[in-house]
Amino acid sequence: MSGLKAPFRRRGNNVIPGFGLSMGVTLTMLSLIVLIPLASVLLVLRDYSFAEFWRVVADKQTLATYRISLSCAGIAACVNVVFGVLLAWVITRYKFPGRRILDGLIELPFALPTAVAGIALTTLYSDKGWIGSLFDKIGVKISYTTKGITIAMIFIGIPFVVRSIQPVLEKLDPQYEEAAAVLGAGRAETFFRVVLPELLPAALTGFALAFARSVGEYGSVVFIAGNIPYKTQITPLIIMNKLEQFNYPAATSIALVMIVFSFLVLFGINLLQSKINKIARGS
Amino acid sequence: MRSKTLQIFLILLGVLFVALMLLLPLATVLAYALRQGWRIFAAAITDNYAVKALNLTLLAAGITLVVNTTFGIFAAWAITKFRFRGKQALTTLIDIPFSISPIIAGLVFILIFGRIGWAYPLLEAWKVKIVFAVPGIVLATIFVTFPFVSRALIPLMQSQGSDEEEAAALMGAKGLEIFRKITFPHIKWGLLYGVILCTARALGEFGAVSVVSGHLRGKTNTLPLHVEILFSEFRLTAAFAVASVLVVIAVIILILRNIVEYRLKKEEE
């Protein structure tokens with residue numbers, strides 16, 4: 001051990017100018033816009049005892065929101081992994097008319113404002129909408145139920161999965177699949193034993209990204225959710241409700257739980273990413 | 001041939017998913033916007049409050065773009081051109097806004113500048129309003145789109161290395177000159193790509209802005225918030241008409257994004 005070295009100090013000799021300036025601007029802006037505002041969460045909770053904090057974050061209604069948010073986001077992310085692998089495969093491996101348009105459309109949920117997606121999905125799946133009215137005939141309601149929440153989460157999550165898998169598939173040499181086929185493996189066997197193991201870390205990253213985004217998502221989910229406590233109230237919505245009641249400590253407490261959760265997911269994604277980079281480097 | 005059948009089946013399945021899940025909501029917006037004819041559509045989007053909301057949305061997106069592009073360029077320069085301890089930590093910290101719920105992004109600014117915030121007495125003394133006013137909307141928009149430009153630039157600049165910059169520096173070029181003449185031509189498409197993604201998100205941000213806005217019609221209402229108000233008042237046609245303006249912007253952004261991405265790939269080859 002050579003002792004602790006200060007972070008953000010330049011190492012090695014390098015003739016390129018601008019280290020001090022660029023690092024200074026970066027750290028200042030990052031602190032002012034992201035770090036200090038986030039630290040305010042802890043500052044507010046400082047005058048709040050743990051018992052009070054716990055009463056809010058482990059309250060029955062709050063627990064129900066975690067359950068709804070996590071289960072809907074989990075189901076949506078699973079659906080997205082299946083269709084994400086399918087779409088990434090179709091786009092990278094097959095040539096067909098409209099392939100580039102299909103590829104471009106994947107990005108639609110990123111480009112479309114979330115509130116617009118929210119009202120469109122709500123109307124589409126309500127009992128008078130194009131799809132909702134079909135399901136209404138067989139007595140299935142989608143808007144204002146957890147089914148609706150899950151559909152909205154599938155909508156916003158799909159690009160994360162496709163875009164995580166696509167670069168890996170592009171790098172994966174079809175020769176391996178050909179080799180497997182020559183050695184007598186069936187198509188399904190080739191896919192599950194040769195392709196899928198290579199895709200697994202990327203698929204998991206996509207799953208985690210879509211899952212994290214779905215849990216935190218507000219705009220596209222809020223309209224279709226309907227905000228019924230214990231039934232369709234998701235965690236971001238209960239924070240919003242507490243804010244509207246000016247109950248800042250309660251809103252902040254639940255927010256802290258969400259922040260810790262998203263940091264854990266972010267940490268997991270970074271671990272996965274370094275694993276993918278290793279595969280991409282070919283070791 | 002079995003392989004061909006499977007291929008067609010998979011393509012159809014993919015197309016069906018995209019059509020049902022992504023295109024149908026888009027078609028819903030346009031169909032509802034026009035269901036009472038062009039006159040009502042035109043009246044809804046030229047409504048005084050809608051125009052004011054559009055102006056505020058453009059203003060917030062414009063400021064956000066300037067701030068985040070500046071940050072993105074400096075951050076990418078620091079991270080890709082030098083070796084230092086804590087580089088991994090720094091890139092992770094920059095990505096934080098992506099992993100946080102937009103509601104929390106709005107909440108943190110209320111906790112600073114709102115009635116209970118530590119900066120509130122200061123703002124009172126100066127008679128400045130930040131939350132429930134335009135500056136809060138701008139701040140929340142900057143927060144949620146903070147990593148976009150740096151994220152687009154860092155991998156690109158990393159893969160390009162810094163040999164050319166080093167050579168220029170050894171020959172006595174100044175920092176700004178090196179950036180303008182050597183780095184910038186290499187990264188211009190990547191920069192544009194980041195700027196486009198940042199614009200798309202800034203124009204459409206809803207959750208974070210909704211928390212800090214205060215929803216004053218004509219004053220602190222952005223276009224997405226205006227859509228929400230119209231929708232909750234059951235003025236569906238007007239809500240979808242205003243939403244269709246955002247859809248048109250989104251489609252233009254999507255097309256631009258694809259053109260820039262194509263140029264970017266060509267440049268790499």
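Let me start with a definition: two strands pair if DSSP finds at least two bridges between them. Helices (H or I, at least four residues) and strands (E, at least two) are DSSP runs, numbered from the N terminus.

Now the conventions. This is a predicted model, in which local features need pLDDT of at least 70 and side-chain atom pairs count only at pLDDT 80 or more, while totals for chains, interfaces and linings use all residues. Residues are numbered from 1 along each chain as its sequence is written, and chains are lettered from A and ligands numbered from 1 in the order in which they are written.

On confidence: pLDDT is the predictor's confidence in each residue, from 0 to 100. Chain B has a mean pLDDT of 92, with 99% of its residues at 70 or more. For the complex, the predictor gives an ipTM of 0.91 and a pTM of 0.91.

Next, the two chains. Chain A contains 13 helices and 1 strand. Its order from the N terminus is β-α-α-α-α-α-α-α-α-α-α-α-α-α. Chain B also contains 13 helices and 1 strand, but along its sequence the pattern reads α-α-α-β-α-α-α-α-α-α-α-α-α-α.

Along the principal axes, the C-alpha atoms of chain A fill a box of roughly 70 × 65 × 30 Å. For chain B, the corresponding box is roughly 80 × 65 × 30 Å.

A word on burial. A residue is buried if 20 or more other C-beta atoms lie within 10 Å of its own, exposed if 12 or fewer, and partly exposed in between, with C-beta atoms placed from the backbone. Of the 283 residues of chain A, 44% count as buried; of the 269 residues of chain B, 49% do.

Contacts also need a cut-off: two residues are in contact if their C-beta atoms, placed from the backbone, lie within 7 Å. Take the contacts between residues at least 6 apart in sequence. In chain A, 76% of these join residues at least 24 apart, and in chain B the figure is 78%.

How many residues of chain B are in contact with chain A? There are 73, and they meet 77 residues of chain A. Helix 1 of chain B, residues 2-33, gives the most to that side of chain B, with 15 residues. By type, the residues on the side of chain B that touches chain A divide into 53 nonpolar, 12 polar and 8 charged. Here Ala, Val, Leu, Ile, Met, Phe, Trp, Tyr, Cys and Pro count as nonpolar, Asp, Glu, Lys and Arg as charged, and the others, Gly among them, as polar.

Strand 1 of chain A (residues 10-11) pairs with strand 1 of chain B (residues 83-84) in the antiparallel sense, over 2 bridges. Arg11(A) has Arg83(B), in strand 1 of chain B, as its bridge partner.

Ile104(B) counts as buried because 29 other C-beta atoms lie within 10 Å. Leaving out residues up to four places away in sequence, Ile104(B) touches Ala255(A), Met258(A) and Ile259(A). Its C-alpha atom is separated by 24 Å from that of Leu54(B), 50 residues apart along the chain.

Helix 7 of chain B, residues 134-144, is mostly covered, with 9 of its 11 residues buried. Among them are Gly136(B), Leu139(B) and Phe143(B). The buried residues of this helix pack against helix 1 (19-45) of chain A, and in chain B against helices including helix 3 (48-81) and helix 10 (175-204).

Now some loop residues of chain A. Two of them lie between helix 7 and helix 8: Val140(A) and Tyr144(A). Are they buried or exposed? Val140(A) is exposed because it has 12 C-beta neighbours inside 10 Å, whereas Tyr144(A) is buried because it has 20. Tyr144(A) also has a positive phi of about 65°, although it is not a glycine. The C-alpha atoms of Val140(A) and Asp127(A), 13 residues apart along the chain, are separated by 9.1 Å.

Phe246(A) is another residue other than glycine with a positive phi, near 60°. Phe246(A) sits in the loop between helix 12 (235-244) and helix 13 (248-281), and its 12 C-beta neighbours inside 10 Å are why it counts as exposed.
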